[in-house]
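Work through the exercises below with the sequence and the model open side by side. Each task is followed by a solution in steps.

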Amino acid sequence: MKLDNLLKKAMQVIPTEKITYKKFISNTTNDLGQKVPTYEDFENIKASVQSVSIDSMKKLELDFAKTYKVVYSLTNLNIISKDSASDLIVYNSENYQVVKKDSDWISYNGWNGVLVVRLWINQSI
């Protein structure tokens with residue numbers, strides 16, 4: 001039994017933000033034999049972006065020198081794997097990389113939550 005999309009209902013009440021999303025397509029190989037990720041064009045999506053608590057950072061053994069957020073969205077955001085790069089996000093003019101699924105309800109309920117980490121300032125997407 002499939003439930004109604006709970007995040008979609010919540011987004012009608014909870015304030016959401018537009019974030020910019022760049023979906024990973026595939027890797028290509030450059031002249032040096034290195035894999036270089038390619039992405040679709042930027043797309044604006046609605047999401048709920050939340051800070052990660054210190055307790056959660058400790059529990060997940062995250063690096064306290066980095067900035068993390070949790071992004072809840074109706075878009076299927078993908079993490080890095082052996083053969084692929086992760087999707088990228090721009091939030092408040094800062095670049096983030098999807099690193100971990102927090103809640104994966106895409107196939108069951110149409111939404112997911114992901115942990116993202118801010119990329120260094122000189123890393124452009």
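The exercises that follow concern a predicted model.

**Exercise 1. Strand pairing**

Task: Determine which strands pair with S1, and in which sense.

Solution. 
- Step 1. Start from strand S1, residues 17-22, and look at strand S4, residues 43-51: the two pair in the antiparallel sense over five bridges.
- Step 2. Glutamate 17 stands opposite alanine 47 in S4, and lysine 18 is opposite lysine 46.
- Step 3. Turn to strand S6, residues 88-91. S1 pairs with S6 over three bridges, again in the antiparallel sense. Here the bridge partner of lysine 22 is leucine 88.
- Step 4. Follow S4 onward to S5. These two run antiparallel and are joined by five bridges, with valine 49 opposite valine 71.

**Exercise 2. A serine in a loop**

Task: Decide whether serine 86 is buried or exposed, and describe its surroundings.

Solution. 
- Step 1. Locate serine 86 in the loop between strand S5 (68-73) and S6.
- Step 2. The relative accessible area of serine 86 is 0%, and buried means under 20%, so this residue is buried.
- Step 3. List the contacts of serine 86, leaving aside neighbours within four places in sequence: Phe24, Tyr39, Asn78, Ile79, Ile80, Gln97 and Val98.
- Step 4. A polar atom of the serine 86 side chain lies 2.9 Å from the backbone oxygen of valine 98.

**Exercise 3. A salt bridge**

Task: Identify the residue that forms a salt bridge with arginine 118, and state the accessibility of both partners.

Solution. 
- Step 1. The count of salt bridges comes to one.
- Step 2. Arginine 118 forms a salt bridge with glutamate 94, and their closest N and O atoms are 3.5 Å apart.
- Step 3. The pair links distant parts of the chain, since arginine 118 is in strand S8 and glutamate 94 in strand S7, 24 residues apart.
- Step 4. Arginine 118 is partly exposed at 33% relative accessible area, and glutamate 94 is partly exposed at 29%.

**Exercise 4. Positive phi**

Task: For glutamate 61 and asparagine 92, give the value of phi, the location and the accessibility.

Solution. 
- Step 1. Phi of glutamate 61 is near 55 degrees, a positive value in a residue other than glycine.
- Step 2. Glutamate 61 sits in the loop between helix H2 (54-59) and S5, and is exposed with a relative accessible area of 71%.
- Step 3. Phi of asparagine 92 is near 50 degrees, also positive in a residue other than glycine.
- Step 4. Asparagine 92 belongs to the loop between S6 and S7. Its relative accessibility is 55%, and exposed means over 50%, so asparagine 92 counts as exposed.

Technical notes. Residues numbered from 1 in each chain as written. Predicted model: local features only at pLDDT ≥ 70, side-chain atom pairs only at ≥ 80, totals over all residues. Heavy atoms only, no water. Pairing = 2+ DSSP bridges. Helix = DSSP H or I, 4+ residues; strand = E, 2+ residues; numbered from the N terminus. Buried < 20%, exposed > 50% of the residue type's maximum accessible area, 1.4 Å probe, protein only. Polar contact = N/O pair within 3.5 Å; in protein donor to acceptor, adjacent residues only side chain to side chain. Contact = heavy atoms within 4.5 Å. Salt bridge = Lys/Arg side-chain N within 4 Å of Asp/Glu carboxyl O.
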